[in-house]
Amino acid sequence: MEKNPLLQFGNIPITTDILYGCFNRLSSPDDKILALEKSGELIRLRRGLYVVNQELSGKPYAQGLYANHIYGPSYVSLQWATHWYGLIPEMVTTVTSVTTQRSRHYDSPLGRYAYYHMQEGYYNIGIRMVKDEKNGVTMLMATPEKALCDTIMHDRYIPGQSVKALWQYLEEDIRFDTDALRDFDINIIEQCAQYQRKTKILQNLIKIIKKL
């Protein structure tokens, strides 16, 4: 029996052009791709970008990696990243990212991917390639410090400008693991504070970390 050509991709996102290469002997590769999507073997993340169904590939979906590819330039951050790092307890269903492009979202069979605009200078601070051991892939993600800064920047609700109000926000509103702040790199937060409108709040975050 001929081996299914989709198996070679595992859980890596695939473009239409790559799929054309798999089915170039057929009279209509587009019809084949459409049929695979209808059968559920291929899942469309957005127009021109697919992933093999995990039941077929045998490898779990890599949501962070897909977010990197769906819209960019972008890196995974905000609530999705802070949960991934174990810094907030709540499950996050929307994969949240930061981009230098305009804010937008994508809905797919695997869930929602949301992208929030930040200016380019700020964007480049505190991002790195992270290995997702569970899925066996590498994704571009905010550091824990940057993910928290991004969350604060994007959140319209911050209870006030005081250190006390920020502590309340961290502990009660987003239920952040404040013990983890002891290991945070203050330099990343200081760089973030230079670019955005919530400078005072980020300076308060630095004060909190220095007192721990």
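In this briefing, Ala, Val, Leu, Ile, Met, Phe, Trp, Tyr, Cys and Pro count as nonpolar, Asp, Glu, Lys and Arg as charged, and the others, Gly among them, as polar. With that in hand, welcome to a predicted model. We will visit its largest pocket, with about 290 Å³ of space, and then helix H7, which crosses helix H10 and helix H9.

**The largest pocket**
- The lining of the largest pocket is made up of 7 nonpolar, 4 polar and 2 charged residues.
- Among the 13 lining residues, Gln 63, Trp 80, Trp 84, Lys 134 and Asn 135 sit closest to the pocket's centre.
- Helix H5 (residues 78-84) gives the largest share of this lining, with 3 residues.

**Helix H7 with helix H10**
- H7 spans residues 144-154 and H10 spans residues 199-211; their axes come within 10 Å and cross at roughly 145°.
- This crossing of H7 and H10 is right-handed.
- From H7, Leu 148, Cys 149, Ile 152 and Met 153 meet Ile 201, Leu 202 and Leu 205 of H10.
- That contact has 7 nonpolar residues, with no polar and no charged ones.

**Helix H7 with helix H9**
- The axes of H7 and H9 (residues 186-193) come within 9 Å and cross at roughly 30°.
- The crossing of H7 and H9 is right-handed.
- Here Glu 145, Lys 146, Cys 149 and Met 153 of H7 make contact with Ile 188, Ile 189 and Cys 192 of H9.
- By class, the H7 and H9 contact holds 5 nonpolar, no polar and 2 charged residues.
- Cys 149 and Met 153 of H7 take part in the contact with H10 and also in the contact with H9.

Technical notes: Residues are numbered from 1 along each chain as its sequence is written. This is a predicted model: local features need pLDDT of at least 70, side-chain atom pairs count only at pLDDT 80 or more; totals for chains, interfaces and linings use all residues. Side-chain values use heavy atoms; hydrogens and water are left out. Axes are lines fitted to C-alpha atoms, for helices over the stretch in contact, and angles run from 0 to 180 degrees between N-to-C directions. Helices (H or I, at least four residues) and strands (E, at least two) are DSSP runs, numbered from the N terminus. A crossing is left-handed if the near helix is turned anticlockwise from the far one by less than a right angle, and right-handed if clockwise. Contact means heavy atoms within 4.5 Å. On a 1 Å grid over the protein atoms alone, a cavity is a set of points where a 1.4 Å probe fits but cannot get out, and a pocket is an open set with protein on both sides within 12 Å along at least five of seven lines; lining residues have an atom within 4 Å of a point. Grid points are joined across faces, edges and corners, and a volume is the space filled by probe spheres set on the points.
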